[in-house]
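Thanks, everyone. I have one model to go through, and I will keep it short. Please look at the sequence and the structure first.

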Amino acid sequence: QVQLVESGGGLVQAGGSLRLSCAASGSIFSIDAMGWYRQAPGKQRELVARIRSGGTTNYADSVKGRFTISRDNVKNTVSLQMNSLKPEDTAVYYCNADVRFSSSWSNNFWGQGTQVTVSS
């Protein structure tokens, strides 16, 4: 089994910064893509940022230039540096990972979520 444990959420004023971290543990052969998604009340879960094992990244248009995703392939961690936060960034943020157990077997996992609240 694989666990994704997030940390770093909290309450911050608009314009402030937060850093989210996620650590994957378990019987992991390797991890392909890792990413962060968010879900605000009454809205669908949406992609915030994603990074492949080779370092290729993609971001939601709403966070480009403000958020930076990074990962450590040795420690199986992914982080999201969030700067210039806006009230509309308020949501539960979820870590996601495509975990490979062998060369031919993989599965997708979610973390439990961490609340980010940005006050105006």
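I will cover a sheet, then a set of salt bridges, then a single arginine.

First, the ground rules. This is a predicted model, so local features need pLDDT of at least 70, side-chain atom pairs count only at pLDDT 80 or more, and totals for chains, interfaces and linings use all residues. Residues are numbered from 1 along each chain as its sequence is written, and side-chain values use heavy atoms, with hydrogens and water left out.

Now the sheet. Helices (H or I, at least four residues) and strands (E, at least two) are DSSP runs, numbered from the N terminus. Two strands count as paired if DSSP finds at least two bridges between them. Four strands make an open sheet here, in the order β1-β3-β8-β7, and the pairing is antiparallel. The edges are β1, residues 2-7, and β7, residues 67-72; each has a single partner strand, so one side of each is left without a neighbour in the sheet. On average, neighbouring strands of this sheet are turned by 15° against each other, direction ignored; the axes are lines fitted to C-alpha atoms, for helices over the stretch in contact, with angles from 0 to 180 degrees between N-to-C directions.

Going through the pairs, β3 (residues 18-26) and β8 (residues 77-82) run antiparallel and are joined by six bridges.

Next, charges. A salt bridge here is a side-chain nitrogen of Lys or Arg within 4 Å of a carboxyl oxygen of Asp or Glu. How many are there in the whole structure? The search finds six. I will follow the ones around Arg-38, which is in strand β4.

Arg-38 meets Glu-46 in a salt bridge at 2.8 Å, N to O. For burial, buried means under 20% relative accessible area, exposed over 50%, and partly exposed in between, using a 1.4 Å probe and protein chains only. Glu-46 is partly exposed at 37%, whereas Arg-38 is buried at 5%.

Arg-38 also forms a salt bridge with Asp-89, where the closest N and O atoms are 2.9 Å apart. Arg-38 is in β4 (residues 30-39) and Asp-89 is in the loop between β8 and β9 (91-100), so this pair ties together parts that are 51 residues apart in sequence. Asp-89 is buried too.

Asp-89 in turn has a salt bridge to Arg-66, with the closest N and O atoms 2.8 Å apart. Arg-66 sits in the loop between β6 (57-59) and β7, 23 residues from Asp-89. Both Asp-89 and Arg-66 are buried. Through shared partners, Arg-38, Glu-46, Arg-66 and Asp-89 join into one network.

Last, the other neighbours of Arg-38. A polar contact is a pair of N or O atoms within 3.5 Å; within protein, one must be able to donate a hydrogen and the other to accept it, and residues adjacent in sequence count only if both atoms are side-chain atoms. The Arg-38 side chain has a polar contact with that of Tyr-93 at 2.9 Å and with that of Ser-62 at 3.3 Å. Counting contact as heavy atoms within 4.5 Å, and leaving out residues up to four places away in sequence, Arg-38 touches residues including Val-48, Phe-67 and Val-92.
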